[in-house]
Amino acid sequence: MATVYLVGAGPGDPDLLTRKAARVLETAEVVLHDRLCGEGVLALIPPRAKRIDVGKHEGAQEATQKRILQLMLHYARLGRRVVRLKGGDPMVFGRGGEEWSFLQEHGVEVEVVPGVSSAVAVPELAGIPLTFRGVASGFAVVAGHCRGGCNAQWRQYAGVDTLVILMGVKHRAAIAAALMEAGRRGDEPVAFIENGSTPRQRVVRSTLAAVAAGAVQVEAPAVFVVGEVVRCCALARASAESCAA
Ligand SMILES: C[S@@+](CC[C@H](N)C(=O)[O-])C[C@H]1O[C@@H](n2cnc3c(N)ncnc32)[C@H](O)[C@@H]1O
């Protein structure tokens, strides 16, 4: 049985693909990729390789996930060199851990190739540092969708300096309201960065209160950042003092 490679594709820009990921892709025989893998990255898949789009669509996530597991197993059992190409880092959301343990339980060897996660790269590319001396000494990366009420979850993160919320566009107003209820200030700065690292990158800056009021228009995929570091956006020349002001 062949090894399956769980490979991080980075946030979209092919220049942010690791050298190891590019090397593994070059020799792939079967590539199963997500919707968020950039076109420039997909262009590196050799033409002889079988390319399967396993991007998930609303309402069909469970069925697609089952299909992904079965396809990986099927091609590994045929002895093919399988690459499971996942946006960002393969173990940051996106059920990479489940895919890894499923394959191991079925006796398939797995090699993980870490990728550049959108959680850190996308804010950085928009000029937002997740930590800044004197402003923010830590950050948390949180999933913005949760089944059956999110208030308890958001209370846990109310005290974290910088919150990086992935998959948070759809429920942004409820998330912002829950964070304010948990004690964060309504005038706290926030940013959404859509399509980070691609030519379609767009940055929307606002406040928690405006997001809670439904006044901020954003399209997925976007990274939602909450915290004073958003003020550091003019970063290059900002000092900790001007950033904190
Ligand atoms: C299922 S999570 C996968 C995260 C991925 N494993 C990573 O490390 O970046 C998908 C979410 O990541 C964020 N995301 C991924 N790529 C992005 C990009 N290029 N621009 C903005 N957000 C992105 C969005 O919040 C999106 O809803």
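The legends below describe close-up views of one predicted model. Residues are numbered from 1 along each chain as its sequence is written, and side-chain values use heavy atoms, with hydrogens and water left out. Because the model is predicted, local features need pLDDT of at least 70 and side-chain atom pairs count only at pLDDT 80 or more, whereas totals for chains, interfaces and linings use all residues.

View 1. Gly196 contributes a polar backbone atom, 2.8 Å from a nitrogen atom of the ligand. Taken alone, the ligand exposes 570 Å², of which the protein buries 89% (accessible areas come from the Shrake-Rupley method with a 1.4 Å probe; for residues, only the protein chains shown count as cover).

**View 2. Helix α5 and its cover.** Helix α5 spans residues 118-125 (helices, H or I with at least four residues, and strands, E with at least two, are DSSP runs numbered from the N terminus). Its buried residues include Ala119, Ala121, Val122 and Pro123 (buried means under 20% relative accessible area, exposed over 50%, and partly exposed in between, with a 1.4 Å probe and protein chains only). Among the elements that cover these residues are β6 (139-143), β7 (162-166), β8 (189-194) and β10 (222-226) (contact means heavy atoms within 4.5 Å). At the start of α5, a side-chain oxygen of Ser117 comes within 3.1 Å of the backbone nitrogen of Ala119 (a polar contact is a pair of N or O atoms within 3.5 Å; within protein, one must be able to donate a hydrogen and the other to accept it, and residues adjacent in sequence count only if both atoms are side-chain atoms). Just after the helix, Gly127 has a positive phi of about 85 degrees.

**View 3. The salt bridge between Arg84 and Asp34.** The structure holds eleven salt bridges (a side-chain nitrogen of Lys or Arg within 4 Å of a carboxyl oxygen of Asp or Glu). In one of them, the side chains of Arg84 and Asp34 meet at 3.0 Å, N to O. Arg84 belongs to strand β4 and Asp34 to the loop between β2 (30-33) and α2 (39-42), so the pair ties together parts that are 50 residues apart in sequence. Both residues, Arg84 and Asp34, are buried.

**View 4. Glu194 and its partner Arg202.** Glu194 lies in strand β8 and is buried, with a relative accessible area of 5%. The closest N and O atoms of its salt bridge with Arg202 are 3.0 Å apart. Arg202 is partly exposed, at a relative accessible area of 39%. Leaving aside neighbours within four places in sequence, the contacts of Glu194 include Arg200, Gln201, Val218, Glu219, Pro221 and Ala222.

**View 5. The salt bridge between Arg95 and Glu98.** The side chains of Arg95 and Glu98 meet at 3.1 Å, N to O. Arg95 is partly exposed, at 25% relative accessibility, and Glu98 is partly exposed as well, at 41%.
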